[in-house]
Structure formats: C-alpha cells, structure tokens
Amino acid sequence: MQMQKQAGTARQAGAQPTAGDLALIHRYSRTELPAQDVYIFAATLCDNEIDRDGERFTIEALHTLATLFVGKTGIFDHSGKTGDQVMRVFETWVEESAAQRTADGKPYAALHAKVYILRGPENEALIRAIDGGIKKEISVSCAVQSVKCSVCGKPFAREGCTHRKGAVYDGAVCHAVLEHPTDAYEFSFVAIPAQPAAGVRKNKHPEVKIVPPTPTTHTPAASPQAKSECPTDALQRQLWMPLETEENLAFKMSGVESGRKAGI
Ligand SMILES: [Zn+2]
C-alpha cells in the first residue's frame, strides 16, 4: 500500500530563533548561523482526526512521525525538486489534549514542527507570504506500513474487507486507520491540504501537553519510486493507496488546512 496525504498549517511567523533553536538548527548547517539570518515558524503537520479522505493516524503513529520528520526538508507542492528546498524541520513534538476529542471520540493529538528558513533576498518573498498568511497550508509526505479498516480490523479493502469509508456500521462511521509510519519524506506548502487542522501555527508553544518524540523501531521505508509515482495534486491532501501489492508501504501527504486523498 502506498499513500499520500496533505494536511497541515504553518502559524508561527517572524519569530527570532532562540539559542536553543539555533543549537538544533546547527545540526544541519555547515556553519553556525547568526540569529538574524534565520527565520523560523511552527507548523501543524497532521493530527489524529478523521480527515477528508476518511482516514486517521493513530496517536502512536503521530509519535513515530515526530521522530521521522526531524531534519526533513520543506518544498512546494511535493515537487521533489532540490531547487524548491528552502525550509527544514529542526524540531517536532506531539500535543495531546485530554479535553478535546476527535469525531470518533478519541483524545485529540497533533504533530507539530518548528521549521527554519534562511533569510535573504531569495527567500524574503516566501517569508513575507508566511507572515502575511498567504503561505499557510502544509502537506506532508510519508509512508505507513498499515492501513486498517476501522470496522473489521483487516487491511482496508483487502483480505475480505468490503466496508466503505464514510458508511455507517452499527452507528460508527467507517474509516481507514493509518499505523506504523516507516518514513517521512518532506512537507510542502500546498493550497488545500486534507486535514483541516494542519498548517502554520500562530502560537509556538500552546498550553497543552507536549510529548517528546520517541525513537521508532519500525522498518525502513518504501522504495523511492513509490513516491515518484504518486499523484501530487498540490491543492488537496492526498492519500495514495494502491491495493495491488501488500508489501508496498503507504505514503501520506498532509498540509496546513485541508486536503484530499487520491486512492489508486
Ligand atoms: Zn472492513
């Protein structure tokens, strides 16, 4: 199975990096960058809400993705072009809210990230667009190992699963449960992500529980060509889930404010 999803938002804009931020950023830069040369923002990459694709991550999957997304690049519209590499994730965390519930009654959780951009003429237009709320929606691309049916627990649409997303069975809406992420590839600014909550954050440190990511023991990711085959409609969150082979992994792209899934 392969899938892509988009769902995220970038909200923090114009923040000066702290000494702690710079220490994390310097893990990726070849030289120590002065604070005035760095622009950072915080983004919600994805959450565990049932999204427009009729799918949701488990909280455990969000924690795994938090580990996998540290150090990953930011581009535009999942272009895959090095020329679009202008951002990099330098910190991630999962926020869990005991008070907020998902549509299916589970505690709400979201994966957030801090991202840095180099200030300079080449990026000032992007920074201005982020500050101005124009560049806001984010989509992430990742791989997951398991896509299960919420009704029968079998691999969705396989092994005898005939349930349909969005249909109601015994009072519960059927959806796909995304588990065991195996890799994270990039995040992108997109126009319409799949997960309404994903995107640029205005508040870098909301007063909610912050759970540091934990190391994952999952297996390595899918083949590179799997990602290149996936549709990259920048306007919506996408879930790409070819069903022909079980050994394929699932790619997911999530973005800032909304998204769509394109099943294959
Ligand atoms: Zn089923």
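pLDDT is the predictor's confidence in each residue, from 0 to 100. This is a predicted model, in which local features need pLDDT of at least 70 and side-chain atom pairs count only at pLDDT 80 or more, while totals for chains, interfaces and linings use all residues. Residues are numbered from 1 along each chain as its sequence is written.

**View 1. Confidence in the protein.** The mean pLDDT of the protein is 75, and 67% of the residues score at least 70. Helix H2 (residues 59-69) has the highest confidence, at a mean of 96, and helix H4 (residues 224-229) the lowest, at 32. Helices (H or I, at least four residues) and strands (E, at least two) are DSSP runs, numbered from the N terminus.

**View 2. Strand E10 and its cover.**

**View 3. Parallel partners of E10.** Two strands pair if DSSP finds at least two bridges between them. Strand E3 (residues 55-57) pairs with E10 in the parallel sense over 3 bridges, and glutamate 55 has alanine 176 as its bridge partner. Strand E4 (residues 73-76) also runs parallel to E10, joined by 4 bridges; here phenylalanine 76 stands opposite phenylalanine 189.

**View 4. The antiparallel partner E7.** Strand E7 (residues 138-149) and E10 are paired in the antiparallel sense by 11 bridges. Valine 144 has proline 181 of E10 as its bridge partner.
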